[in-house]
Structure formats: C-alpha cells, structure tokens
Amino acid sequence: MPGMVGGFGNFFVPLLIGAGKQSIIISICRYLKDSFIFLNINKNYNYINGDLILKNIKLENKLNNYEIINDNSDFSSYLAGLFEGVGHISILRGNNQNKKKITRIRKIVIGITFHLKDLPLCELLKYKLQNGWIRIKDKENACVLLFHTDKGLITFVNTVNKYLRSPKIYKFNLVIDYLNSKYSLNIIKYKEDYSDLSANNWLAGFIDAEGGFYIRYSETTKFRIACILTLEQRMIEPISNLSYEPLLSEISKFLNAKLEISKHNKNKSYFMIRASNRNSLKIILNYFNSYKMYSSKYLDYLNWANAAQLLLDKNAYILDNKKHIYYLKNSMNSKRIFFNWDHLSNL
C-alpha cells in the first residue's frame, strides 16, 4: 500500500486467505479526495523462499506536492528510534581467496519490521527515503522495509547517523566502514547520542517500535482506572555483547518509572518499563505535545491520552467519564477496527 500523504481517512486491511498462498488478496480501502478507491493488489505479489514480496505498486495519485525532507532532525531522530526498536542489520560474508576464512562482506541488508496494519507508514518511509523495498510476511502478519542496495544503505545511514543511542550503533558503524571502504567515502562514525531524551523525536520512534499504551479498567472489588505505558527491550545486543541497561535506565529515569526485568518467550529475560503514576502521565503527555509517533500506535495513544488527562484532572470516576474511558479502552490496540492516517501528512 503506497505511501500517500494528505487526505488519509479511515483505512481497513483485511487478509483473505483462500486455497493456498496464491489466493491471498490484500484489499485496500482508503479515503481519497472525498471518495473511496478500492485496490486489489494481489497481482503485484511474488513468493520468494516462502515469503510474500511486494513489488512496485502504482497508485492513482502521484504525490506531486509532497516535499522530501533530507535534513530534518525530527524525521531523522524518529527513524533512528524506530530502527533501534524494531530494526536489524544483516551482514552476509563470503569466503576469501583461500576459502578458509569467511571475511569479505558480500551483502548488507538493513530492515525495519512493522505490523501489517502499519503498511501505510512503511510505504511512506520508503517514498521519503526514495530507496528500499517492502517484504510482506503473511504468516507473521508483518511487513519489512528493507535497504539492500549500496545507494539505499548510504541514504539510510546518512539519515539516521548521529542520532543512535543503543548498542545497535556497533553494527551500524560496521556498515559505515563498509561503505567508506568500498566507495572512498568519508561518512563520520558518531558515538551514542547522549543528549536529553526531550531534545528530539528519538523516544517517540522507540516507543512507536517497542512501546504499548494500555488502559486498565478493573471492575473487581476495588474499582480502578489506570493508564499505563510499557516499554520492553532485550537485555544484551548479541553481536557486540553490549547491554541495553544504560539506555533503558535513562528512559526509565526520564519517564519517572522503575526499570524492571520480565521473563517470557521461553523464559528469556527482558528489560521492562511500566509508567503509570501521575508524574509519569504528565511527562508522557508533555513529551508527545512536542513530538509524534506515526504508526497506528499514535491512534491508541490518542485514546490513552484522553483517559490520562481525565485521571490527572480527577474526573475519571465521574459516571459519564467512566463510560467514555470504557469505550476508549475497547476501541484501541487489538480491538481497533478503523484507522485514520491523517497524521502521516506531518511526517
């Protein structure tokens, strides 16, 4: 689903699974220029090694009036946070001349994974960067924005360089070494960005990738309403063996929340942040007044922020507001059906 900007309206992506993979059809309905356009794009798919590959798709609009921003700190820091949350770098090496040691870099791929419902954001990022391709992974209900050409790698590196904060910077700098060596470039390798988290859009991108907004509406013996932001990340970056603890500690401090350890996924350990106290709510609302998320998680945040403000104003337990919060809770996250993408026009 190509990244159109401006005039996005309600959007619904159903996956219709019929007899075999070839029968999968992704039907796209979007509101455009006061009318609905329905597109069936199944003919633009191929299967490679069991994955569904999205080819180039031409839409009726040409994005004529959209300005590509090549040097914008909000965009670059957001993309860096998104990448450090759900991005990956694959470095494929080939044999040297003696065929005894695997040393020579043969191919590098940088990818960012999205839930399939966030395909509009995935396509818009592809358009803004003017590079990359999109893989649809139907079994995982996901899509991946991939950069594998050297031109695409250079574009991505130049966009997010100097905004990285996590241990992923180790492998990222290996990509810079590769590009500098191959093309005699002089791309600077920066250290981690230690600027205040309130200084740019990095945290918004990271929360868009790894965060979750939840409303607790408990009708047990003691009725309770709570707004919770959760963040979870692995403990160790496997290639560099560097810990995520310094970064997650800084985020927990900024959000006025505790850094905890959770275990799941075959008893693996992860760093976990749960922010829900009044000071945390104020910090989160204040931060997102300045910076934005752009996936469908932004829509969940709007529900969450509405309820959080009622809590801060001490109006959440008024009968009509309780009903409103109950509605907010039951129309977000997995229960969301309709998606409005107007916020993408600000990216």
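**View 1. Helix 8 lies across strand 11 and strand 12.** Helix 8 runs at about 45° to strand 11; axes here are lines fitted to C-alpha atoms, for helices over the stretch in contact, with angles from 0 to 180 degrees between N-to-C directions. Contact means heavy atoms within 4.5 Å. Helices (H or I, at least four residues) and strands (E, at least two) are DSSP runs, numbered from the N terminus. This is a predicted model, where local features need pLDDT of at least 70, side-chain atom pairs count only at pLDDT 80 or more, and totals for chains, interfaces and linings use all residues. Residues are numbered from 1 along each chain as its sequence is written, and side-chain values use heavy atoms, leaving out hydrogens and water.

**View 2. Four strands make an open sheet in the order 11-12-14-13, with antiparallel pairing.** Strands 11 and 13 (259-264) sit at the edges with a single partner strand each, so one side of each has no neighbour in the sheet. Pairing takes at least two DSSP bridges between two strands. Strands 13 and 14 run antiparallel and are joined by 6 bridges; Ser-262, for one, has Tyr-270 in strand 14 as its bridge partner. Helix 6 packs on this sheet, touching strands 12, 13 and 14.

**View 3. Helix 7 has a buried side and an exposed one.** Here Ser-280, Leu-281, Ile-284, Leu-285, Tyr-287 and Phe-288 are buried (under 20% relative accessible area; exposed is over 50%, partly exposed in between, 1.4 Å probe, protein chains only). On the other side, Asn-286, Asn-289 and Ser-290 are exposed. Among the elements covering the buried residues are helix 5 (202-210) and helix 8 (297-312).
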